[in-house]
Amino acid sequence: MLGPGGHAGTAWMAGLAHGLRGLGVDLGAADLVVGTSAGAIVGAALASGRDLSRFADPVGSSGDGPRPPRADPRRMGEVFAVLGAGLPPEEARRRVGRIALAAADPEAERALVAVRRRLIGTDAWPAERRLLIPAVDTGSGEPVVWDRDSGVPLAAAVAASSAFPGAAPPVSIGGRHYVDGALRAGTNADLAAGARTLVVVEPMARQDPGQEARAALGAETVVSLFPDEASAAALGTDPSDPSAWMPAFQAGQLQAAAARKDLAGLWAPAGGESLA
């Protein structure tokens with residue numbers, strides 16, 4: 001289960017997963033991968049078996065491809081004001097959806113999808129691994145969860161799931177607009193219900209989130225991977241800051257050795273356990 005985290009969280013997760021692969025642990029070999037927002041980007045690349053070294057450089061640093069949209073702090077402030085107002089979740093999502101729709105921009109949307117496609121390296125859903133990507137309909141406020149049978153191109157699903165209002169434009173799919181999957185339920189732990197062993201990678205956590213997942217899902221074993229002190233410093237305080245990308249990726253790589261110890265004796269990539 002890979003959670004939200006903005007630019008910096010995406011880089012940190014990719015660095016961590018890349019480092020773990022180098023140590024013989026491939027998170028993409030899980031029976032189920034649930035990727036939300038930043039986690040959708042990394043999860044799609046992992047489940048598709050892509051080379052994660054492509055995440056080492058900031059998006060668009062070469063200058064020869066589409067760049068991600070610029071964040072709009074004012075609009076993000078409006079969104080957080082709605083989310084912090086204590087509204088019922090359905091009403092909060094509808095209001096956030098209206099804020100997002102006001103920033104709909106087809107050109108920026110195409111650039112966003114192109115950036116996501118370039119990062120994950122494919123527009124085809126993995127055939128051998130189950131990948132779930134949640135998002136939220138801006139019009140109705142209703143959540144959706146896409147998989148390989150949904151008919152939605154992978155890059156579009158990833159772009160929509162990682163389109164937090166104010167940081168990215170909503171993404172149009174099938175005549176409707178969609179935004180960030182974290183608006184559904186944070187890391188969307190419920191989508192991994194029934195897993196016996198759960199791996200939670202949560203860039204925005206600063207303490208072990210595993211107890212909550214264990215209580216909610218009844219998993220026998222929960223391993224929580226979140227930024228250590230050095231990684232937290234590298235990620236900084238602004239998840240949308242593109243300058244944190246390279247330091248966060250490198251910090252994730254360095255943290256992989258400790259994460260490998262946390263996973264020792266639990267990882268069964270050949271099958272058997274249901275990992276998310």
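Colleague: What makes Asp 137 count as buried?

Modeller: Buried means under 20% relative accessible area, exposed over 50%, and partly exposed in between (1.4 Å probe, protein chains only). Asp 137 has 6% relative accessibility, so Asp 137 counts as buried. This is a predicted model, where local features need pLDDT of at least 70, side-chain atom pairs count only at pLDDT 80 or more, and totals for chains, interfaces and linings use all residues. Residues are numbered from 1 along each chain as its sequence is written, and side-chain values use heavy atoms, with hydrogens and water left out.

Colleague: How do you know that the side chains of Arg 176 and Asp 137 meet in a salt bridge?

Modeller: A salt bridge needs a side-chain nitrogen of Lys or Arg within 4 Å of a carboxyl oxygen of Asp or Glu. Here N to O is 2.4 Å, so the pair qualifies. Arg 176 lies in strand β5 and Asp 137 in strand β2, 39 residues apart.

Colleague: What makes Glu 91 and Arg 95 a salt bridge?

Modeller: Their closest N and O atoms are 2.8 Å apart, so they meet the cut-off. Both sit in helix α4, four residues apart, and are therefore separated by about one helical turn.

Colleague: Why are α5 and α6 called roughly perpendicular?

Modeller: Angles of 65 to 115 degrees count as roughly perpendicular, under 35 as roughly parallel, over 145 as roughly antiparallel and the rest as oblique. The axes of α5 and α6 cross at roughly 115°, so the two helices are roughly perpendicular. Those axes come within 8 Å.

Definitions and conventions
Axes are lines fitted to C-alpha atoms, for helices over the stretch in contact, and angles run from 0 to 180 degrees between N-to-C directions.
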